[in-house]
Amino acid sequence: MSNAQIERQWTSRLRHRVVEKLPPEKLLPDTQPAYVASWIYVFGVTTMAALGIVILTGTILALDGPQWWHSSSLGHFINSMHLWSVEIFFFAMVVHLWGKFSMAAWRGGRSMTWVTGGVTFLASILAGFTGYVSQTNFDSQWISTQAKDGINATGGGAFFNVLNLGQMLMWHIVLLPLAAVVLTGLHVIMVRVKGVVPPFEETTEVSA
Amino acid sequence: MAQGWGLGALFNLDHYGHYIQWHVIQISVANLVVIILMVATFIAALFAPFPGRRNRKGSK
């Protein structure tokens, strides 16, 4: 096979395109712009670290199931770790959202970075909600019976039945974590491709 | 209930939640505390000095 034929293959073309868009030094940079040296820039990575703990503790909970996490000391501990990492996840994500909103982080062709972050937030809210109704305790019964009226009022109850524990658990441990992780990955790739949004330019002009 | 490891909350959480109500707005004290902490963290993140910032040179 000649070099020209190899270059025409879809694998070659895709590789060239990916490397052109996201060269290794942009994917894993050694330095960051000076303006990133601020506490407001740490909440994105805090959110990702918390997401890692959420996934890890959720995986451990899945190994032994509800009877274990309700009845053993270690189960209680891992269950609490899962809850509190979710709390930190949302806490950091909201501060990250406020920070990025205040600096209009969609500037400079970063609209898809903003959109993937926003959709990740919505998917995470749904993941949190399905987690609350999958606890298999009185709390989850209360939340699901309260939520069903709201969801049924939208017509969504035909497809998303919060009283169906099996469905809620599958959404919580398969579909929504997959969505959250994939969307987070896309979000980070967009940040790497476009770079971290710079601060607003200072201006000395005064409007009349 | 199974015996724990002696770890517990710093203060007693074994009671019904407290709520604040103002006209049609109702919020639990726990949620309000979290919101206040988020706002405080956001403001602190904007103004708190970042370690080593003075010595850092713009790399890009």
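Me: Which residues touch the most other members in the largest nonpolar core?

Reply: Bear in mind that this is a predicted model. The core in question has 14 residues.

Me: What does A:Val95 touch, not counting residues up to four places away in sequence?

Reply: With residues up to four places away set aside, its list has names from chain A and chain B. They are A:Phe43, B:Met38 and B:Phe42.

Me: Is A:Ser144 buried or exposed?

Reply: This serine sits in helix H8 (residues 138-154) of chain A. Leaving out neighbours within four places in sequence, A:Ser144 is in contact with A:Val133, A:Val162 and A:Leu163. The cut-off for buried is under 20% relative accessible area. A:Ser144 has 7%, so the call is buried.

Me: Which backbone oxygen does the side chain of A:Ser144 reach?

Reply: Stay with helix H8 of chain A, where A:Ser144 has its place. The distance from its side chain to that oxygen is 2.8 Å, and the oxygen belongs to A:Ser140.

Me: Over in chain B, which residue takes a positive phi in the hairpin of E1(B) and E2(B)?

Reply: Strands E1 (residues 19-22) and E2 (residues 25-28) of chain B run antiparallel, joined by four bridges. B:Ile20 stands opposite B:Ile27 there. Two residues lie between the strands, and the one with a positive phi, near 55°, is B:His23.

Technical notes
Residues numbered from 1 in each chain as written. Chains lettered and ligands numbered in written order. Predicted model: local features only at pLDDT ≥ 70, side-chain atom pairs only at ≥ 80, totals over all residues. Heavy atoms only, no water. Core = buried A, V, L, I, M, F, W, Y, C linked by side-chain atoms within 4.5 Å. Buried < 20%, exposed > 50% of the residue type's maximum accessible area, 1.4 Å probe, protein only. Contact = heavy atoms within 4.5 Å. Polar contact = N/O pair within 3.5 Å; in protein donor to acceptor, adjacent residues only side chain to side chain. Pairing = 2+ DSSP bridges.
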